[in-house]
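Here is a short note for someone opening this structure for the first time. Please read the points with the model in view.

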Amino acid sequence: MADVLLTHSYHLYYDRKQTRKMQPYPPLGTLYAAAQLRSAGFSVALFDSMLTDPEQGFQSALDEHRPRVVVVYEDNFNFLTKMCLTRMRDVAYHILEISRRAGATVLVNGSDASDHASDYLHQGFRCVLLGEAEQTLLEVVQHLIQGDNEALKNTMGLVYLDDRTGEMVRTAQRPLMRDLDKLAFPARDLIDSAKYRAAWKTAHGYSSLNIVASRGCPYRCNWCAKPIYGDSFAVRSAQSVAEEMRRLKCDFQAEHLWFADDIFGLRPKWVRELAAEVEKLDAAVPFKMQSRVDLMTVDTVRALGRAGCAEVWLGVESGSQKILDAMDKGTRVEQIAKARENLGNENIRACYFLQFGYPGETWADIQETAALLDDTRPDDIGVSVSYPLPGTKFFERVRAQLGTKTNWSDSEDLSIMFQGAYSDQFYRALHDALHARVDSWSAGRADTSQNSNELWQKVMKLERLCRNAHPTVLPSLAGAQLVQLRTQSYRTCGDD
């Protein structure tokens with residue numbers, strides 16, 4: 001019997017795109033919560049839904065561990081969790097239902113629950129743990145195990161329904177942790193490491209594990225949701241990160257690492273310190289991470305290479321300065337090429353996150369982004385469309401246009417849920433065409449290049465057919481002349 005059964009709601013095989021990619025990672029945020037509870041003396045079990053169907057497996061875990069408390073504690077370091085996919089909400093509600101039938105008290109933490117606390121509470125969750133919740137979880141579990149429900153009202157970082165009035169009560173906000181080195185390393189012994197290793201080895205020929213060096217991001221791109229850490233940023237010591245890398249390399253046989261930080265390499269001095277510590281401990285493992293183009297300076301990139309960095313995912317978003325400015329991105333288009341050059345000089349793969357459909361984006365802006373790809377030739381890209389999430393300025397600007405569908409079903413959905421410049425069909429074709437273009441460079445074969453050109457021809461055809469008559473224009477762009485241009489050739493397509 002366990003005091004607490006921890007779980008999360010993301011299941012790889014419900015997500016078409018991620019199933020094809022087959023890059024599963026353990027629920028790091030959930031494992032941090034488990035480590036916190038265990039360090040306080042509680043017995044903890046984990047049901048990991050990443051590779052096991054929660055609709056079949058969770059009941060068995062419930063029967064085996066017979067917990068007093070069940071916690072749906074989402075992995076807040078997983079970008080898929082931050083997308084608040086509807087399938088995840090369905091799974092969370094399913095876990096709630098069967099846990100309550102078994103007599104357990106059920107808690108929840110995560111981006112979607114923080115954004116829609118009332119929905120989760122009225123569904124039957126005892127509390128929603130807001131924001132960075134390890135300490136909040138520990139205190140709530142202590143109160144529940146002791147049977148002291150009254151103490152909840154004095155616990156910071158909670159939302160719950162008052163037992164007498166049924167009204168929603170929000171307690172005082174809990175300050176964020178500053179010293180992340182005080183946290184125990186994630187309780188990775190609770191996962192089936194062999195299952196993850198086999199999935200990676202079969203699909204890619206090597207094994208990979210996840211790690212985080214920091215929490216939060218201080219930048220304020222107006223489409224980026226931050227229900228957990230807000231605009232704060234805290235980073236672990238370089239010594240602590242290097243030691244965890246060493247353990248993953250030696251104890252878990254990790255052959256590759258994914259730093260799941262929102263932003264990596266924010267402080268150049270810290271990156272240099274990390275490189276020195278990694279070299280001292282012989283802890284280098286090839287890793288990938290995500291950052292900004294303006295942070296990829298010559299010195300920082302050189303230090304990243306010393307630390308083992310093999311791949312950087314850059315938040316490029318657009319090749320149009322107008323769109324970057326509308327997003328409050330704070331970067332310049334010319335910085336993209338420089339970052340790509342600096343990374344290439346150190347033999348580090350440069351990969352771009354791209355976002356299309358932002359209000360005010362025209363065909364000319366899309367062509368600028370396509371031209372940027374052709375000029376700088378990234379090693380890989382990730383293509384998405386603008387996705388309004390609660391708590392963002394972008395969401396507030398398009399809120400009135402949202403219908404019943406306000407979340408994607410999975411990461412391949414790519415639905416435009418506001419009045420975009422084009423229909424979903426256009427953006428999905430654009431996604432395919434740009435991926436094919438990048439793939440054609442690495443393949444270097446005539447047939448892949450021909451396929452890329454054919455897909456771009458399809459995009460240009462759909463550009464005429466899929467225009468919306470009244471696309472959303474942000475207030476800052478309302479005075480600009482935002483007209484959809486007539487279809488013209490992208491310069492590499494060989495059209496007149």
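1. Cys-351 has its closest cysteine sulfur in Cys-309, 9.8 Å away, which is too far for a bond. A disulfide here is a pair of cysteine sulfur atoms within 2.5 Å. The structure holds zero disulfides.

2. Cys-351 is buried, at 0% relative accessibility. Cys-127 is buried too, with a relative accessible area of 0%. Buried means under 20% relative accessible area, exposed over 50%, and partly exposed in between (1.4 Å probe, protein chains only).

3. The model is predicted: local features need pLDDT of at least 70, side-chain atom pairs count only at pLDDT 80 or more, and totals for chains, interfaces and linings use all residues. Residues are numbered from 1 along each chain as its sequence is written, and side-chain values use heavy atoms, with hydrogens and water left out.

4. Glu-277 sits in helix α11, residues 268-281 (helices are DSSP runs of H or I, at least four residues, and strands are runs of E, at least two, numbered from the N terminus). Glu-277 counts as buried, at 14% relative accessibility. Beyond its neighbours within four places in sequence, Glu-277 is in contact (heavy atoms within 4.5 Å) with Ala-238, Gln-239 and Ala-242.

5. Which residues of the lining lie nearest the centre of the largest cavity? They are Ser-9, Glu-74, Met-88, Asp-112 and Tyr-120, out of 14 lining residues. A cavity is a set of points on a 1 Å grid over the protein atoms alone, where a 1.4 Å probe fits but cannot get out; lining residues have an atom within 4 Å of a point.

Technical notes:
On a 1 Å grid over the protein atoms alone, a cavity is a set of points where a 1.4 Å probe fits but cannot get out, and a pocket is an open set with protein on both sides within 12 Å along at least five of seven lines; lining residues have an atom within 4 Å of a point.
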